[in-house]
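Here's a quick briefing for anyone meeting this structure for the first time. Have a look at the sequence and the model, then read on.

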Amino acid sequence: MQIYNTFSRKKEEFTPLNPPLVTMYMCGPTVYNYFHIGNARSFIMADIVRRYLQFCGFDVKFIMNLTDVDDNIIKKALEEKRPADEVAQFYSNAFFEDINKLKIKPATTYPKATMHVQEMINVINELEKKGIAYNVDGNVFYDISKFPSYGKLSGKKTDELESGSRVEINEAKRNPLDFALWKKAKDGEPSWDSPWGKGRPGWHIECTAMSTKHLGKSIDIHAGGNDLIFPHHENEIAQSEACFEQKFVKYWMHFGFLNIQNEKMSKSLGNFFTARDVLAKYSAETIRLFFAQTHYGGPLNFSDELLNSAKKGCEKISNLIEVAENQIRNNSQEGVDPEFDFQKYRNDFMSVMDDDFNTPQAVAVIFDFIRAINKIIAENEKINVRFFHQVKLMLKETAYDVLGIVDMDEKHTDSNLSIENELIELLIKVRDELKKEKQFSLADQVRDGLAKIGITIKDTKSGVTFKRD
RNA sequence: GGUGCUGUACCCAAGUGGCUUAAGGGGAAGGUCUGCAAAACCUUUAUUCGUCGGUUCGAAUCCGACCGGCACCUCCA
């Protein structure tokens, strides 16, 4: 398997440090707002990477942190006139609701920054002992001049950065590029005791502390959006490698942005849609297919037109699932056993996914498969149920388990729904009788009436099926 | 100013030296099936990959120049 490593700017053979274990860390949200659909792209693509590694038999330990104390949260707390921890709790809950709706598999753990302040203090202490961190009146900064390879991930040279920098000069820093490890508390801000007085951690230090604690000093994969390469991930490397004196991350993965009219969707520009707003219009599967149809590293525009196109694609997949499930219910032992090389498609799927998670090609393999199967179904009068079991299995493994672009969740039918189903079945039977009597206008009344309330009827060879919108 | 990414059909998008005289999805057009629909199937929709040169037996793929688009260098996935 090959993974594109931002660090080397090349695809590299993926060899985890301690197979079959894979340690994966993803920079999670700062919980001061609902996350937007651009954030969702990163979360979903990381989810697909993680699912595929598991599909390949790796034992993936996947950590995603929650930043639950920072400037933005404090600002939001002032705006909403409630305590910062309440704001963080509120948006953490919203975060979990949304990723659940997006069918993102839960991480192994979601460590919170505020639960790891002691670990962060320990790292800062160590850096201070080594003479890399310096304390100016209760603010502790990282001295980048003490880390000669600073800039190695982003390819930035510190002298060039200085000349073009628009950073507001903080007089306390020795060098404008030095970054805060510990921030002195102002009145009314959340704070913790520390060797440097009351304060709170800087942003970058939490990932160093939490990734080390939960995954070890060296990890396999560290993922995040493109905008985190500099300075966030650069700073994480500086902190971790200066403190622990070993390579921090083997593979750096970065996700491209979701754009709106070719401009980055971002909270600061205000040109964003929240994931929950988009989920109100489109299913998780549609959103996931929309993302999977583009390679994770490139930019991608967001529009209703593109989402609708993905929606049609999803329907194509679920239509076949429906046919297969319908046939499996009928359980026909009669009919032909068509010759079909399921393994070929499975192998194709794996070989393109092995190539740096080429989800657009993986999706193409699935659609090729679907067309081939539909053709066989169209050409044969009766097909043995064994065939449909295999069809379903193939789609379950690829489209459902790995990509999550089709809904095959176990449905727990509540009693209202099952009465409803029986009523629909009854109407379908009545329509069937009407058709036999050639009373087509009445039969169409039934079909159109059901369509109006969002139930679509299809006459197929294996009988009539219905589906809710 | 520095750094990195990017330009493929009507839209989205893969492919990065011969397997491709370019996957897949959507859209459009025609046909088959159907009482009619829907779904599905078949056919058509880029001899061409921003432009111009070069390297090569061979290039969308490598090199150079030029023209666009975007991002990072400040919190942001």
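**A first look**

Arg51 and Asp47 form a salt bridge, with their closest N and O atoms 2.9 Å apart; a salt bridge here is a side-chain nitrogen of Lys or Arg within 4 Å of a carboxyl oxygen of Asp or Glu. What you're looking at is a predicted model, in which local features need pLDDT of at least 70 and side-chain atom pairs count only at pLDDT 80 or more, while totals for chains, interfaces and linings use all residues. Residues are numbered from 1 along each chain as its sequence is written, chains are lettered from A and ligands numbered from 1 in the order in which they are written, and side-chain values use heavy atoms, with hydrogens and water left out.

**Salt bridges**

- Searching the whole structure turns up 37 salt bridges.
- Back to that opening pair: Arg51 and Asp47 both sit in helix α1, four residues apart, which is about one turn of the helix. Helices (H or I, at least four residues) and strands (E, at least two) are DSSP runs, numbered from the N terminus.
- Arg51 counts as buried at 6% relative accessibility, and Asp47 counts as buried at 2%. The cut-offs are under 20% relative accessible area for buried, over 50% for exposed, and in between for partly exposed (1.4 Å probe, protein chains only).
- Lys152 and Glu241 also meet through their side chains in a salt bridge (2.8 Å, N to O). This pair links distant parts of the chain, 89 residues apart: Lys152 is in the loop between β6 (139–142) and α5 (158–164), and Glu241 is in helix α7 (residues 229–244).
- Lys152 is partly exposed, with a relative accessible area of 29%, whereas Glu241 is buried at 15%.
- Glu379 counts as exposed at 56% relative accessibility, and Lys375 counts as exposed at 51%.
- Salt bridges with shared partners also tie Asp71, Lys183, Glu189 and Arg200 into one network.

- Chain A is assigned domain 1 (2–281), domain 2 (312–402) and domain 3 (415–468). These bounds come from an automatic or database domain assignment.
- The centres of domain 1 and domain 2, taken over C-alpha atoms, are 40 Å apart.
- Across the boundary, 13 residues of domain 1 are in contact with 13 residues of domain 2, where contact means heavy atoms within 4.5 Å.
- About 1200 Å² is buried between domain 1 and domain 2, and carbon and sulfur atoms give 64% of that. Buried area is the accessible area (1.4 Å probe) that two parts lose on being put together, summed over both.
- On the domain 1 side, Arg51, Tyr52 and Phe55 lose the most area to domain 2, together 52% of what that side buries.
- One salt bridge is counted between domain 1 and domain 2. Asp355 forms a salt bridge with Lys11, their closest N and O atoms being 2.8 Å apart.
- Eight residue pairs, both at pLDDT 80 or more, are in polar contact between domain 1 and domain 2. A polar contact is a pair of N or O atoms within 3.5 Å; within protein, one must be able to donate a hydrogen and the other to accept it, and residues adjacent in sequence count only if both atoms are side-chain atoms.
- β1 (2–5) and α1 (37–55) each supply at least two residues of the side of domain 1 that touches domain 2. Of that side, α1 gives the most, with seven residues.

- An open sheet is built from three strands in the order β12-β11-β13, with mixed pairing. Two strands pair if DSSP finds at least two bridges between them.
- β12 (263–264) and β13 (300–301) stand at the edges with a single partner strand each, so one side of each has no neighbour in the sheet.
- Strand β11 (residues 258–260) is joined to β12 by two bridges, and they run antiparallel. Asn259 stands opposite Lys264 in β12.

**Tucked-away spots**

- Helix α6 (residues 205–215) is mostly covered, with nine of its 11 residues buried. Among them are Cys207, Met210 and Leu215.
- Trp182 lies in strand β7 (residues 179–184) and is buried, with a relative accessible area of 0%. The side chain of Trp182 makes a polar contact with that of Ser194 (3.4 Å).
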